[in-house]
Amino acid sequence: MSKPITFNPGPSTLYPFIGEIVSEALVSGILEASHRSESFVNLYLETKELLHDRLNLPGEYSVYFLSSATEAWNVVAEGYVARKSAHFYSGDFGRKWFEYTQKIHADSIGFPFNPNKIPEVETDGNVELVAITHNETSNGSRVDCNFISEIKRDRVLIAVDATSSMAGAALDFSVADIWFASVQKCFGLPAGLAVMFSSPRAVEKMNLVAFDKRYNAVANIHKMSLKGQTVFTPNVLAIYLLNGVLKRIPNINSIANRITERAKSAYQISNSYFQALINNPQAQSQTVICYRCAEPEIVKQYFLLQHNVRLGSGYGELKTTTFRLANFPAIDDDTFYQTIHLLNDFQP
Ligand SMILES: *Cc1c(COP(=O)(O)O)cnc(C)c1O
């Protein structure tokens with residue numbers, strides 16, 4: 001039997017043209033070139049331009065390449081915070097970001113909230129950065145950009161982990177200063193690379209914090225980015241693949257329309273055996289749908305054995321009570337709607 005179609009929200013289904021881009025990379029010579037060479041600088045700068053164009057990222061935002069979103073949690077904590085950040089989270093990814101940051105800044109505070117509710121964000125005068133997860137992959141919830149835009153920003157920077165929504169949802173980047181995402185989710189790429197965007201305000205603040213004691217201090221990363229370079233020899237193949245994917249996909253607005261339509265059908269599934277965990281429409285993720293279910297193993301086993309479809313497991317605390325469905329753009333519409341149909345009809 002061929003490999004299963006995966007609806008796991010990361011690592012996830014790859015775009016079908018990844019193989020073609022790998023071959024192109026091999027022939028191009030870029031994988032054997034120095035990361036200080038003109039060909040790498042061109043790759044960096046072109047990929048940056050493509051990110052601006054496809055994702056509607058405002059021109060003044062800097063673009064950095066990191067190895068993962070987890071690394072970005074650390075880079076943000078050390079690069080933009082001198083003493084205290086405030087973390088609003090409804091699930092495991094946001095909580096982990098908070099916990100890692102707290103190891104660096106003992107004063108940082110966490111505000112857990114119910115994923116079905118929209119959080120209230122109030123910070124005291126000492127908070128320098130507000131950290132939010134746009135799309136909480138663990139429970140299938142989101143906080144939309146309208147909400148983020150209401151956070152008072154005169155004193156603080158806002159940093160957003162958009163790992164499971166960037167390149168799948170239309171994000172209004174202007175509402176926050178720092179954005180990052182790993183590429184093995186909505187970008188439809190293999191793992192091992194993350195992108196991070198930084199507003200001019202964030203660059204200014206970074207210079208105040210001026211932490212440059214580690215190789216991946218954002219001050220170092222930023223300085224190199226101005227030359228179209230990275231601090232260390234980066235995952236050139238991954239950057240090349242990102243470049244090739246961006247060249248082949250349309251603007252985010254058209255991707256997001258497709259994803260939103262599909263999400264509607266995923267939330268309309270009517271099956272007494274499982275229900276969407278998030279029922280507040282405003283808080284429903286468009287890219288990761290999480291279903292509450294007494295026996296998720298039964299559903300997952302059935303789909304794998306009968307249909308060669310791998311549904312996503314529950315995550316963390318929700319491992320045994322939920323399963324997840326990635327609604328990522330690399331999954332084609334036919335496959336997606338067929339699976340929705342099967343989920344509708346499922347009987348244990
Ligand atoms: C997957 C995920 C991460 C972790 O990504 P890594 O590439 O493993 O570092 C972080 N945040 C969110 C919201 C995620 O979905």
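Colleague: How far does a polar side-chain atom of K185 lie from an oxygen atom of the ligand?

Modeller: Happy to look, bearing in mind that this is a predicted model. A pair of N or O atoms counts as a polar contact within 3.5 Å. The polar side-chain atom of K185 and the ligand oxygen are separated by 2.7 Å.

Colleague: What share of the ligand's accessible area does the protein cover?

Modeller: On its own, the ligand has 390 Å² of accessible area. Of that area, the protein covers 85%.

Colleague: Which side chain has an N or O atom 2.7 Å from a nitrogen atom of the ligand?

Modeller: Two other side chains are worth a look here. T70 places an N or O side-chain atom 2.6 Å from a ligand oxygen. For the ligand nitrogen, the side chain at 2.7 Å is that of D161.

Colleague: Which helix gives the most residues to the shell around the ligand?

Modeller: The ligand is surrounded by 14 residues, with T70, T137, D161, S182 and K185 the closest. By type, the shell has three nonpolar, nine polar and two charged residues. The top contributor, with three residues from the stretch 69–79, is helix α3.

Colleague: Moving on to the domains, how much area do domain 1 and domain 2 bury between them?

Modeller: The assignment gives domain 1 as 5–11 + 252–345 and domain 2 as 18–248. Their C-alpha centres are 26 Å apart, and 30 residues of domain 1 contact 27 of domain 2. Carbon and sulfur atoms carry 54% of the buried area, which comes to about 2,200 Å².

Key:
Residues are numbered from 1 along each chain as its sequence is written. This is a predicted model: local features need pLDDT of at least 70, side-chain atom pairs count only at pLDDT 80 or more; totals for chains, interfaces and linings use all residues. Side-chain values use heavy atoms; hydrogens and water are left out. A residue is near a molecule or strand if one of its heavy atoms lies within 4 Å of it. A polar contact is a pair of N or O atoms within 3.5 Å; within protein, one must be able to donate a hydrogen and the other to accept it, and residues adjacent in sequence count only if both atoms are side-chain atoms. Accessible areas come from the Shrake-Rupley method with a 1.4 Å probe; for residues, only the protein chains shown count as cover. Helices (H or I, at least four residues) and strands (E, at least two) are DSSP runs, numbered from the N terminus. Ala, Val, Leu, Ile, Met, Phe, Trp, Tyr, Cys and Pro count as nonpolar, Asp, Glu, Lys and Arg as charged, and the others, Gly among them, as polar. Domain bounds come from an automatic or database domain assignment. Contact means heavy atoms within 4.5 Å. Buried area is the accessible area (1.4 Å probe) that two parts lose on being put together, summed over both.
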